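Me: Could you take me through this structure? I would like to begin with the ligand and then move on to the fold.

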Amino acid sequence: MTSQPEKVTRKGRLTPAKARRESKPKKAQRTEEILQRLKEEYPEACCALEHRSPLQLLVATILSAQCTDKRVNMVTPALFERFPDAASFAAADMVELEEIIRSTGFYRNKAKSLQGLGQALQSDHEGEVPATMKELSSLPGVGRKTANVVLGNAFGIDEGVVVDTHVGRLSNRLGLTGESNPVKIESDLMALVPQDDWTIWAHLLIFHGRQVCKARKPACADCVLLDLCPAAEI
Ligand code: SF4
């Protein structure tokens with residue numbers, strides 16, 4: 001952990017009302033400061049889903065719906081050994097596929113998506129994962145969030161901002177959005193965060209959300225963003 005910011009008094013703190021009145025340039029400046037502090041705090045921040053190819057990341061991201069990354073990482077080594085490419089997912093025996101991914105939850109739907117994904121990649125993309133938002137989000141089981149994960153982490157393309165439960169919660173607490181719809185949150189963040197940092201932004205907020213700014217009990221006293229956060233409990 002890096003050093004804590006200077007002691008924040010109730011009088012000097014950024015309140016929710018002040019954050020609502022904040023001008024766009026001021027908010028963008030505060031966002032930049034948040035970004036820099038989190039980069040310093042979590043230099044190791046990266047995609048937690050283990051993968052060696054765009055296809056593996058795409059499959060792992062589909063499996064991560066309603067499931068922890070840790071659990072997905074326990075399942076994928078055997079899965080990728082048995083199903084190494086799009087063709088093998090396309091021709092998968094459903095019972096076998098379901099059994100391998102069962103512990104990730106919603107395994108019937110996920111198995112259907114993975115088989116459909118393999119078939120679509122085979123028929124429309126010569127077995128390769130496409131690198132555009134339009135093509136990715138038209139694949140079975142792939143929405144904008146999954147496409148953003150793959151574009152940002154497998155192809156190095158900052159096309160959008162991944163908004164998961166941590167990113168949504170922290171962006172609201174930090175007063176960078178007042179929205180609950182992920183698409184609207186993403187749009188607010190895209191207007192504030194520099195584009196080159198869209199992918200790392202999500203990783204940083206996820207790391208901070210898991211370690212400090214937890215859903216039920218945020219550890220504000222230990223938070224490097226204390227003086228920048230209108231939701232700080234001090
Ligand atoms: S831990 Fe507290 S101060 Fe830090 S970002 Fe979360 S709500 Fe704000």
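Me: Which residues are closest to the ligand?
Reply: This is a predicted model. In it, 13 residues surround the ligand, and the closest are Cys-213, Pro-218, Cys-220, Cys-223 and Cys-229.

Me: And what is the shell around the ligand by class?
Reply: The shell holds 12 nonpolar residues and 1 charged residue, with no polar residues.

Me: Let us turn to the fold. How many helices and strands does the protein chain have?
Reply: There are 12 helices and 0 strands. Read from the N terminus, the order of elements is therefore α-α-α-α-α-α-α-α-α-α-α-α. The radius of gyration is 20 Å, close to the 17 Å that the globule rule gives for 234 residues, so the chain is as compact as a globular protein of that length.

Me: What box do the C-alpha atoms fill?
Reply: Along the principal axes, the box is roughly 65 × 30 × 25 Å.

Me: What percentage of the residues is buried?
Reply: Buried residues account for 37% of the 234 residues in the protein chain.

Me: And of the contacts between residues at least 6 apart in sequence, what share joins residues at least 24 apart?
Reply: That share is 62% in the protein chain.

Me: Now to helix H9. Is it mostly covered or mostly uncovered?
Reply: Helix H9, residues 144-154, is mostly covered, with 10 of its 11 residues buried. Among the buried residues are Lys-145, Thr-146, Asn-148 and Asn-153, together with Val-149, Val-150 and Leu-151.

Me: Which helices do the buried residues of H9 pack against?
Reply: They pack against helix H3 (54-63), helix H8 (133-136), helix H11 (182-192) and helix H12 (198-211).

Me: What follows H9?
Reply: H9 is followed by Gly-156, which has a positive phi, near 70°.

Me: One more residue, please: where is His-166?
Reply: His-166 is in helix H10, which covers residues 165-173.

Me: Why does His-166 count as buried?
Reply: The cut-off for a buried residue is 20 or more other C-beta atoms within 10 Å of its own. His-166 has 21 other C-beta atoms within 10 Å, so it is buried.

Me: Which residues does His-166 touch, leaving aside those up to four places away in sequence?
Reply: His-166 touches Leu-205, Ile-206, Gly-209 and Arg-210.

Me: What separates the C-alpha atoms of His-166 and Arg-210?
Reply: Their C-alpha atoms are 7.7 Å apart, while the two residues lie 44 residues apart along the chain.

Definitions and conventions: Residues numbered from 1 in each chain as written. Predicted model: local features only at pLDDT ≥ 70, side-chain atom pairs only at ≥ 80, totals over all residues. Helix = DSSP H or I, 4+ residues; strand = E, 2+ residues; numbered from the N terminus. Rg over C-alpha atoms; globule rule 2.2 N^0.38 Å. Buried ≥ 20, exposed ≤ 12 C-beta atoms within 10 Å, placed from the backbone. Contact = placed C-beta atoms within 7 Å. Near = placed C-beta within 6 Å. Nonpolar A, V, L, I, M, F, W, Y, C, P; charged D, E, K, R; others polar.
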